[in-house]
Amino acid sequence: MYYETKILTTKYQKPDAYGALSMPVYYTAAFEFESAKAMGDAFCGRSMAPSYARIANPTTTFLEERVRQLTGATSVTALNTGMTAIHYALTAVSAAGLNLVASKHLFGNSVSLIRDTLGTFGVEARFADFTNPEEVKALIDDKTCALFFEIITNPQLFVADIRQLAEIAHDAGVPLIADTTIVPFSTFRAVDFGVDIEVVSSTKYISGGGTGLGGLLIDYGRFDWSHSPSTALQARIKRVGKKLAFTARVKTELITNLGGLMTPQAAYMETLGLDTLDIRYQRHAQTTLWLAQQCRQLPEIIRVNYIGLEDNPFHELSVKQFGALAGAVFTIDLGSKEAAWAFIDKLQVIRRATNLFDRKSLAIHPASTIFGYFTPEQCRQMSVLDTTVRLSIGLEAGEDLLEDIKQALKR
């Protein structure tokens with residue numbers, strides 16, 4: 001089936017008693033079983049029946065199954081935030097004494113998760129410029145548990161060669177983990193480029209308008225985990241095999257012990273969002289390209305950074321990896337931090353808010369918000385400038401957004 005048809009034809013795990021066309025929201029903490037044996041089978045993973053709502057819920061499982069069918073993944077785990085998805089992905093592969101090679105151009109909380117939180121538990125953080133393959137390769141050794149990066153960095157908008165990174169990782173027997181939030185899987189098939197584990201903040205495009213928080217952890221079941229230096233993964237290989245060890249650790253350990261499963265209400269909203277994901281993305285990205293082109297004509301703007309522009313240094317690679325459209329976020333640079341703040345304060349249509357890919361257009365000053373806890377020197381090392389304004393483009397008319405930008409610049 002084509003993507004547009006497949007997204008609307010996923011069957012429920014069990015037929016709905018009333019034939020509902022939308023998966024019901026199962027607000028319940030527990031589930032009744034027909035027998036003691038059925039209860040034991042559910043708790044020990046011998047059946048697909050939910051055992052307890054902290055571990056599984058039919059509404060959430062339906063979202064996971066829809067995403068699994070759309071992506072061709074082996075398994076999908078729906079979690080309560082995108083940060084939880086990143087946390088579980090990196091925790092599942094790491095352990096004290098191992099190291100993680102990550103992009104130095106990551107979202108601020110991803111940096112602090114790797115450097116501070118995982119670092120506290122003995123995981124060494126090694127940061128590299130992932131647009132420089134040799135720099136990445138030089139940091140890998142026999143204690144490296146994964147490579148982690150964003151397919152388009154936020155807010156720098158750098159693009160790495162994903163196939164080249166996959167080759168480097170797999171030659172070293174290391175999994176490639178990618179945050180693909182900025183381009184949805186309706187357009188970008190991560191597995192085709194060698195990504196082993198994909199993390200997505202489903203809060204963004206999928207929720208369909210900032211209706212709730214969510215994250216997706218997608219395992220393509222292609223990596224041979226017998227190469228992993230993690231003893232926890234090695235123990236699971238004996239039970240489920242070398243391709244399913246990662247999923248087994250996530251589903252039977254992290255979800256059970258840490259919680260973090262997506263709530264049924266959020267799963268319901270994101271299931272609805274999936275229905276229109278590709279249509280919305282096309283509109284988001286087309287407006288973004290047009291608006292970025294128009295902003296280049298405004299003398300008050302010093303620089304417009306969008307990889308969809310033909311003279312952008314990452315444009316050619318972006319087209320090869322993501323197609324003609326390049327996401328729905330771009331940045332502008334003004335003359336100073338004060339000018340950037342003044343511009344944001346004068347916006348009337350574009351909202352002053354964090355988040356990405358809401359139906360509404362959003363503006364934020366990354367250096368003082370997302371990266372506000374980092375020193376000026378750390379921000380410079382991550383290529384985060386205090387003159388930069390990030391614009392996430394929604395579904396409004398592009399002409400109205402342009403007029404709003406013009407009036408904010410003049411005022």
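In helix α5, the residues G108, S110, V111, L113, I114 and L118 are buried, where buried means under 20% relative accessible area, exposed means over 50%, and partly exposed lies in between (1.4 Å probe, protein chains only). The model is a predicted one, in which local features need pLDDT of at least 70 and side-chain atom pairs count only at pLDDT 80 or more, while totals for chains, interfaces and linings use all residues. Residues are numbered from 1 along each chain as its sequence is written, and side-chain values use heavy atoms, with hydrogens and water left out.

**Helix α5 and its surroundings**

Helices (H or I, at least four residues) and strands (E, at least two) are DSSP runs, numbered from the N terminus. Helix α5 covers residues 108-120, has 13 residues, and reaches 17 Å from its first C-alpha to its last, close to the 18 Å expected at 1.5 Å a residue; the expected span is 1.5 Å times one less than the number of residues. A kink of about 25 degrees is centred on I114, the bend at a residue being the angle between axes fitted to the seven residues ending there and the seven starting there. The buried residues of α5 pack against α4 (82-93), β2 (99-103), β3 (124-128) and β4 (144-150), with contact meaning heavy atoms within 4.5 Å. After the helix comes G122, whose phi is positive, near 90 degrees.

In the loop between β2 and α5 lies H105, which counts as buried at 4% relative accessibility. Not counting residues up to four places away in sequence, H105 touches D129, E150, T153, Q156, F158, Q381, M382 and S383.

**Nonpolar cores**

A nonpolar core is a set of buried Ala, Val, Leu, Ile, Met, Phe, Trp, Tyr and Cys residues joined through side-chain atoms within 4.5 Å. The largest such core has 83 residues, and those with the most contacts inside it are I151, F185, F330 and F343. Helix α11 (residues 277-295) supplies the largest share of this core, six residues. A second, separate core of 42 residues includes V93, L98, L113 and L261. As for F343, its contacts, leaving aside neighbours within four places in sequence, are I332, L334, V389, I405, A408 and L409.

**Two loop residues with polar contacts**

T180 lies in the loop between β5 (176-179) and β6 (197-200) and is buried, with a relative accessible area of 1%. Its side chain makes a polar contact with the side chain of E198 at 2.5 Å; a polar contact is a pair of N or O atoms within 3.5 Å, of which, within protein, one must be able to donate a hydrogen and the other to accept it, and residues adjacent in sequence count only if both atoms are side-chain atoms. Neighbours within four places aside, T180 is in contact with I151, F188, A190, E198, V199 and V200.

S361, in the loop between β10 (351-352) and β11 (362-364), is buried with a relative accessible area of 0%. The side chain of S361 reaches the backbone nitrogen of G394 at 2.8 Å, and beyond four places in sequence S361 is in contact with I350, R351, S392, I393, G394, E396 and L401. The C-alpha atoms of S361 and H284, which are 77 residues apart along the chain, are separated by 9.5 Å.

**Backbone geometry and cysteines**

Most residues other than glycine have a negative phi, and most peptide bonds are trans. The peptide bond from N154 to P155 is cis, with omega near 15 degrees, and P155 is found in the loop between β4 and α7 (162-171).

With a disulfide taken as a pair of cysteine sulfur atoms within 2.5 Å, the count comes to zero. The cysteine C145 is buried, with a relative accessible area of 2%, and C295 is buried with a relative accessible area of 1%.

**An exposed loop position**

E34 lies in the loop between α1 (3-6) and α2 (36-43) and counts as exposed at 84% relative accessibility. E34 and V240 are 206 residues apart in sequence and 28 Å apart in space, C-alpha to C-alpha.
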